[in-house]
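Here are a few exercises to work through with the model open in your viewer. Try each task before you read its solution.

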Amino acid sequence: MKKLNAAAIGAVLMGSVSAPTLAAAENLTLCWAAWDPANALVELSKEFEAESGHTMNFEFVPWPNFADRMLNELNSGGKLCDLLIGDSQWIGGGAENGHYVKLNDFFDAEGISMDDFAPATVYAYSTWPKGTPNYYALPAMGDANAWFYRRDWFERDDIKAAYKEATGQELREPQSQKEMLQIAQFFQEREIDGKTVYGAAIFTERGSEGITMGVTSALYPWGFKYENTPGSYDMDGAVNSPEAVEALEFYKEFYETATPPGYTNSYMGESLDAFKSGQVAMAMNWFAFFPGLYADPNTGGDKIGFFVNPPQNQEGSTLGGQGISVVSYSDKQDAALEYIKWFAQPEVQAKWWELGGYSAHNSVLNDPGFTDSAPFAGDFLEAMGAVQDFWQEPAYAELLLAMQKRVHDYVVADQGTAQEALDKLIEDWTEVFEDEGKL
């Protein structure tokens with residue numbers, strides 16, 4: 001990556017914690033998922049160790065097990081984690097169940113302003129109730145679901161000519177969801193360099209959150225809403241709107257006509273594997289993986305291109321990413337808060353982006369050199385301007401299990417219709433909210 005113009009990243013990052021607030025040297029444990037950005041955070045945190053005298057330990061859990069492992073830890077009042085980079089959907093439960101320390105007084109005392117972070121990330125990663133100035137996390141890792149493709153295939157004259165003959169159009173980065181499906185169907189079972197390839201790798205995984213994250217990447221551009229009025233839990237006519245039904249039907253068609261055979265339980269790892277092994281022309285995945293994809297010696301560099309999730313009726317991307325919270329059960333909260341203060345610094349945020357993390361700090365995102373600092377940086381900015389997230393309710397896990405079942409039953413298991421799947425989903429969600437006393 002190119003260096004950002006305004007960031008003196010090479011300088012030693014000094015003065016992060018004022019002397020009166022220094023805690024005795026502690027061994028802190030930060031918990032997160034096991035993936036590329038976590039490795040970057042280990043490297044970044046060495047500077048905190050040098051400045052503070054604290055020692056950083058890390059507990060990284062593979063994504064398929066991350067939610068179960070960490071939510072069990074929180075619900076049991078466990079002391080494993082002093083700091084937790086928890087998923088955006090956990091913020092409601094983290095706040096209402098007392099798992100996370102409320103950070104307002106600390107932010108005020110240390111001059112940390114949420115106005116310094118991208119509004120979408122503050123709303124999604126930090127606030128509860130949503131949109132209120134009640135902060136339980138600092139935005140740590142901006143992310144959204146997006147796409148990458150075999151640029152080298154798209155630019156080949158023989159493939160471009162075949163696409164023009166088949167569709168009457170020029171082969172390009174797709175400008176709509178339907179154009180993306182058309183491109184994927186063109187590549188499906190096409191022979192390239194003696195090998196049969198397929199259209200695209202999408203998310204179909206049933207066990208954790210995969211197919212929900214994939215399906216919403218179609219639902220949001222069609223105009224899907226969770227409620228008719230925010231905060232009302234009035235879902236009939238929103239969750240099962242004609243646009244939502246059409247989007248779900250679209251995703252099923254995509255799965256059936258443009259993905260590799262046997263692709264019934266795929267999420268992040270399977271998508272990456274399908275692309276890196278040369279099986280697919282396109283793939284969806286989180287921006288978090290894009291630095292590693294670009295660096296891949298076989299399918300990265302000039303061979304890969306990136307694009308934001310295409311619009312259909314409107315722009316829309318599925319939000320990923322996380323905030324960093326202080327766990328209320330920790331005996332080392334003062335030292336953990338030192339880490340939050342250090343991490344919030346603009347210089348540290350610039351280094352975070354350099355190392356492969358996704359800063360949400362405006363000083364990084366608005367830097368004149370940002371869009372040229374990585375081949376996917378501009379797409380990241382565009383995506384974060386139109387992101388939507390899943391329910392962030394305390395009962396989010398039950399809500400997610402219901403959606404995983406309903407959409408997987410329809411898309412992959414071929415049960416019922418899209419209308420029936422969404423109608424049943426409303427019934428499931430209504431029962432959860434009734435149990436929560438919200439309906």
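A residue counts as exposed when its relative accessible area is over 50%. Keep in mind that this is a predicted model.

**Exercise 1.** Work out whether D193 is buried or exposed, and where it sits.

*Solution.* Start with the location: D193 is in the loop between β5 (190-192) and β6 (195-201). Next, take its relative accessible area, 64%. The cut-off is over 50%, so D193 is exposed. Finally, check the backbone: its phi is near 55 degrees, a positive value in a residue other than glycine.

**Exercise 2.** Describe how α9 packs on α17.

*Solution.* First the geometry: helix α9 (residues 210-222) and helix α17 (residues 396-411) cross at about 75 degrees, with axes 9 Å apart. That makes the pair roughly perpendicular. Now the contacts: I211, V215 and L219 are among the α9 residues involved, and α17 brings residues including L400, M403 and V407. By class, the contact has seven nonpolar, five polar and no charged residues.

**Exercise 3.** Find where the largest nonpolar core lies.

*Solution.* This core has 156 residues, and W32, M282, F343 and W429 have the most contacts inside it. Helix α10 (residues 242-258) gives the most, nine residues. Domain 1 and domain 2 both give residues to the core, so it lies between them.

Methods:
Residues are numbered from 1 along each chain as its sequence is written. This is a predicted model: local features need pLDDT of at least 70, side-chain atom pairs count only at pLDDT 80 or more; totals for chains, interfaces and linings use all residues. Side-chain values use heavy atoms; hydrogens and water are left out. Axes are lines fitted to C-alpha atoms, for helices over the stretch in contact, and angles run from 0 to 180 degrees between N-to-C directions. Helices (H or I, at least four residues) and strands (E, at least two) are DSSP runs, numbered from the N terminus. Angles under 35 degrees count as roughly parallel, over 145 as roughly antiparallel, 65 to 115 as roughly perpendicular and the rest as oblique. Contact means heavy atoms within 4.5 Å. Ala, Val, Leu, Ile, Met, Phe, Trp, Tyr, Cys and Pro count as nonpolar, Asp, Glu, Lys and Arg as charged, and the others, Gly among them, as polar. A nonpolar core is a set of buried Ala, Val, Leu, Ile, Met, Phe, Trp, Tyr and Cys residues joined through side-chain atoms within 4.5 Å. Buried means under 20% relative accessible area, exposed over 50%, partly exposed in between (1.4 Å probe, protein chains only). Domain bounds come from an automatic or database domain assignment.
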